[in-house]
Amino acid sequence: MWSIRRNHQHIKPETLTEYLDGRLGTGAMARADRELASCEACRDELDSLRTAVVMLRQLPMEAPRRSFTMVAPPPELVRARLSPPMRLPQWAFAGAASVAAIVLAVLVSADAAGMLAPGGQLTSREADGQAMAVRVLESAVAKDQSLVADDGNPILELPAAAPAATAASAAEPSPAPLAMQLDAPPAAKPETGTAFAEPSPAPLARAAAAPVAAGEPVDTEVETELVAEPPPKAAAEALENGGQPTIESSAAASPPETGPGSLQEGMRVPAAGPESRELTVSEEEGTAAFWRVLEGLVAVAGALFLAGLVWKMTLSRRADRS
Amino acid sequence: MVSTSETFRCTTHTPLPLRDRTGRPSCFNCIIETFQVQAYNLARRMLDDWALAEDAVQESLVSAYRAFHNYRGDNLKAWLMRIVANTCRDMMRARRSRPTSPLDPLPVDAEDADRTPSATDLPSGEESPEAHAERGELNRAIQRGLNSLQEEQRLAVVLVDIQGLSYEEVALTMNCSLGTVKSRVSRGRRGLRDFLQGIGELLPSRFRHSE
């Protein structure tokens, strides 16, 4: 606390305060007295503090103008009249609104990325699109290889299939229309050839649409095999039925030269599609609608909590004013 | 429940029976009559505004009534002064955030002119009018000195030197340790001493001599 040494240390202010209030023990009091007797600075400090204390203590206790006694118990708090949800603290509303906002953001971004669509649950939209492009390309190559063996002119078919594949992956966001696109190139092939080439689009469309419609996570290789298998058969079938590969390949490169037979086929292709297409479209629409409804509900919940927060803050401000 | 005036023998007010946490019955109006002067003076010294001080006491007493079931029956004075001090803190905070200027500003010296004079304001038979005026001047100087202190130091000094509470009671009131009380009282006194020495020439002659 303090000490009397050659290196003199003045009495601590707290000790002087206690000395003034008579709170020091006898030993400490005696030491303080000795120190005060030997140090003028400490004495001055004590005197000035004592003057301040005396001045404070002479202040009169003023009587209030009125008595504060109560005639009746004070009324209950206004807060008690709040409805139960409004009794929740403000942070509860703010927290719930924040959670709703985060959930909504996640849902919307996932929806925008195509992850909520039935076929896109495991892959993103881009990856899915690339996989589809690869599948279409490979199927086209597989077809061409069978054709190359026969007519030795593969250059015509490959560029024709590649734009179709990229167009399919770029233009259509969901897998089901891709499935429809998939069966378009093979459909274009026999349509100029003969009317007997009809069997080829249907199995191809089904083979391509089946895994997609089921939404199963099928590896690209496996699916490629699945897709790649039918065309040679179809091509072989077409050959057996008297179709001419050379005409097919040139006709595929120039669709405007289609005849009446091809028109008929063109009419039939969509007619063959709907069986697989209806399923995928209805399932997809149902799932998409479910996510949309969920997004809407979360948005409404977030807005409600936000409105509750604003209302709660307004109430507390009113209470402060009153 | 004890609720009759016979039980409390209240003659000057309506009995307002209450029970604290221990279940002991009390008349809240008796408590008010016992401590209202102390509460009012604490609020007045803290806020330096008698009208605001009355509001603070009224509000504190209502809060105390509502919270009386939480009172553990240890030190009623410290418990009540704590509520008054908290109310004063809130009011000072509100005043800082929403400073108001009176429509008809009055000089500080005339602030008390329109209030009803209390018995302590009137000059006693032994005091000359000059001495009374001198005392008023000194009181205002001390109040300005108190206003110059930090909030917690002001509260400690007012509780110890004006209200006469012990350090232990102040520690209960301010909800802090005994060492903190000593430190705050010490700093507060020194701050007030420095302020008064700064305006020494303005103080009445008998106080100048003593410094």
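Analyst: A polar contact is a pair of N or O atoms within 3.5 Å; within protein, one atom must be able to donate a hydrogen and the other to accept it, and residues adjacent in sequence count only if both atoms are side-chain atoms. By that rule, 16 residue pairs, both members at pLDDT 80 or more, are in polar contact across the interface of chain B and chain A. On chain B, the side that touches chain A draws at least two residues from each of α2 (28-47), α3 (50-67), α5 (129-148), α6 (151-162), α7 (167-174), α8 (178-198) and α9 (205-210). The model is predicted, and local features need pLDDT of at least 70, side-chain atom pairs pLDDT 80 or more, whereas totals for chains, interfaces and linings use all residues. Residues are numbered from 1 along each chain as its sequence is written, chains are lettered from A and ligands numbered from 1 in written order, and side-chain values use heavy atoms, without hydrogens and water.

User: How do you know that chains A and B touch, and what area do they bury between them?

Analyst: Contact means heavy atoms within 4.5 Å, and 54 residues of chain B meet 36 residues of chain A in this sense. Buried area is the accessible area (1.4 Å probe) that two parts lose on being put together, summed over both. It comes to about 4200 Å² here, with 60% on carbon and sulfur atoms.

User: What makes A:R23 and B:E168 a salt bridge?

Analyst: The rule asks for a side-chain nitrogen of Lys or Arg within 4 Å of a carboxyl oxygen of Asp or Glu. The closest N and O atoms of A:R23 and B:E168 are 3.2 Å apart, so the pair qualifies under that cut-off. Seven salt bridges are found across this interface, and the count over all chains is 18.

User: What makes the pairing of B:E152 with B:R89 a link between separate parts of chain B?

Analyst: These residues form a salt bridge with closest N and O atoms 3.0 Å apart. B:E152 lies in helix α6 and B:R89 in helix α4 (residues 76-97), so the pair ties together parts 63 residues apart in sequence. B:R89, at 15%, is buried, while B:E152, at 22%, is partly exposed.

User: Which other helix does B:E152 reach through B:R184?

Analyst: B:E152 and B:R184 meet in a salt bridge at 3.6 Å, N to O. B:R184 lies in helix α8, so this pair ties together parts 32 residues apart in sequence. Elsewhere, shared partners join A:E18, A:R23, B:E168 and B:K182 into one salt-bridge network.

User: How many helices and strands are assigned to chain B, and by what rule?

Analyst: Helices (H or I, at least four residues) and strands (E, at least two) are DSSP runs, numbered from the N terminus. Chain B has nine helices and two strands, in the order α-β-β-α-α-α-α-α-α-α-α. Of its 211 residues, 46% count as buried.

Methods: Buried < 20%, exposed > 50% of the residue type's maximum accessible area, 1.4 Å probe, protein only.
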